[in-house]
Amino acid sequence: MRILLWHVHGSWTTAFVNGRHEYVVPVLEDRGPDGRGRAQTWDWPDSVTELPPEELAGTDIDVVLLQRPYELHDLCERWTGRRPGRDLPAIYVEHNAPQGRIADMRHPAADSDLLVCHVTHFNELFWDCGATPTRVIEHGIVDPGYRYTGELERAGVVINEARRRARVTGTDLLERFTGQGVPIDLFGMDAAALGGIEDLPQDRLHTELARRRCYLHPIRWTSLGLSLIEAMQLGMPVVALATTEAVEAIPPQTGVISTRIDVLAEAARTFLRDPQAARDAGLAARTYALERFGLERFLADWDDLLAEVISHAHRAGIGAR
């Protein structure tokens, strides 16, 4: 298939474009949010092609993946000349947990001609999609390999835009952990502004992260972070808030989850004091994450869903041109 999608979430897209299809990503001269084109810090296969907006209308596309409300309501039709779900088979991929009052958590693709695919069961539970059919395809990632050394008696944390996202990502909790004897190294976009480590290319980030004794996941309310899964596949033990999907993704042998900061701080200090316990939990985390969040399973699930959507669209008279 030839699949159109915008380069929105780098790690997720990296996994997705490792499938057996052709992938078209829009590109703008400034490589801004609507036209990032091919990744600059991830390794993508040659099956990913960049196209400027003016060439999309004349390009055969089998299916479009939408990931932001304005892609659905404006951008896709304006750039391709085709309405998603009406003129072009479409799937809305929902990466995020809903924000706001629970009674108002209505999805932008609710009661539409699309199918909404959630990345966690928690998200599917909380979003109101109305009559729009939904599926869940859990994350899968490219295995970064076992890199754990744990040589630094510190906890690693990855949060992109930690200042802006603040309480949502638990940025304010980092001081509470350091105040309870857990030294932390913060990685991610804009981390340097908070005294963290500059935004690193993915491969180097994985190597540096795996030098830390354990991984801390202070996220209050987001989807299941791919950085958490990456840390587990790197072989790191995890200490995480028991919120959103984390309660389903982190079994006891891989680390500790709790809604109590004192419990998590004690767990982190235990790993810092006991390198062997940290290594054992990290090995269990890698084994579990490879099985549950492996790339092969992820791509197979997506192939099944893509085939289902294309088949339904063809029966309805919707197809590529």
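Contact means heavy atoms within 4.5 Å. The model is predicted: local features need pLDDT of at least 70, side-chain atom pairs count only at pLDDT 80 or more, and totals for chains, interfaces and linings use all residues. Residues are numbered from 1 along each chain as its sequence is written, and side-chain values use heavy atoms, with hydrogens and water left out.

View 1. Trp 302 touches Trp 12, Phe 16, Leu 65, Ile 91, Val 93, Cys 117 and Ile 137, not counting residues up to four places away in sequence. A nonpolar core is a set of buried Ala, Val, Leu, Ile, Met, Phe, Trp, Tyr and Cys residues joined through side-chain atoms within 4.5 Å. Buried means under 20% relative accessible area, exposed over 50%, partly exposed in between (1.4 Å probe, protein chains only). The largest core has 76 residues. Trp 302 is among those with the most contacts inside it, as are Phe 177 and Phe 298. Helix H12 (residues 295-315) gives the most to this core: eight residues. Helices (H or I, at least four residues) and strands (E, at least two) are DSSP runs, numbered from the N terminus. A second, separate core of 21 residues includes Cys 76, Trp 79, Leu 114 and Cys 129.

View 2. Seven strands run in the order E3-E2-E1-E4-E5-E6-E7, with parallel pairing. Two strands pair if DSSP finds at least two bridges between them. Strand E3 (48-51) and strand E7 (134-136) are the edges; each has a single partner strand, so one side of each lacks a neighbour in the sheet. The twist averages 25° from one strand to the next. Axes are lines fitted to C-alpha atoms, for helices over the stretch in contact; angles run from 0 to 180 degrees between N-to-C directions. Helix H3 (residues 69-80) packs on the sheet and touches E1, E2, E4 and E5, at about 140° to E4. H12 lies across E1, E4, E5, E6 and E7, at about 140° to E5.

**View 3. His 95 in its loop.** His 95 sits between strand E5 (90-94) and strand E6 (115-118). His 95 is buried, at 6% relative accessibility. Its side chain makes a polar contact of 2.8 Å with that of Gln 67. A polar contact is a pair of N or O atoms within 3.5 Å; within protein, one must be able to donate a hydrogen and the other to accept it, and residues adjacent in sequence count only if both atoms are side-chain atoms.
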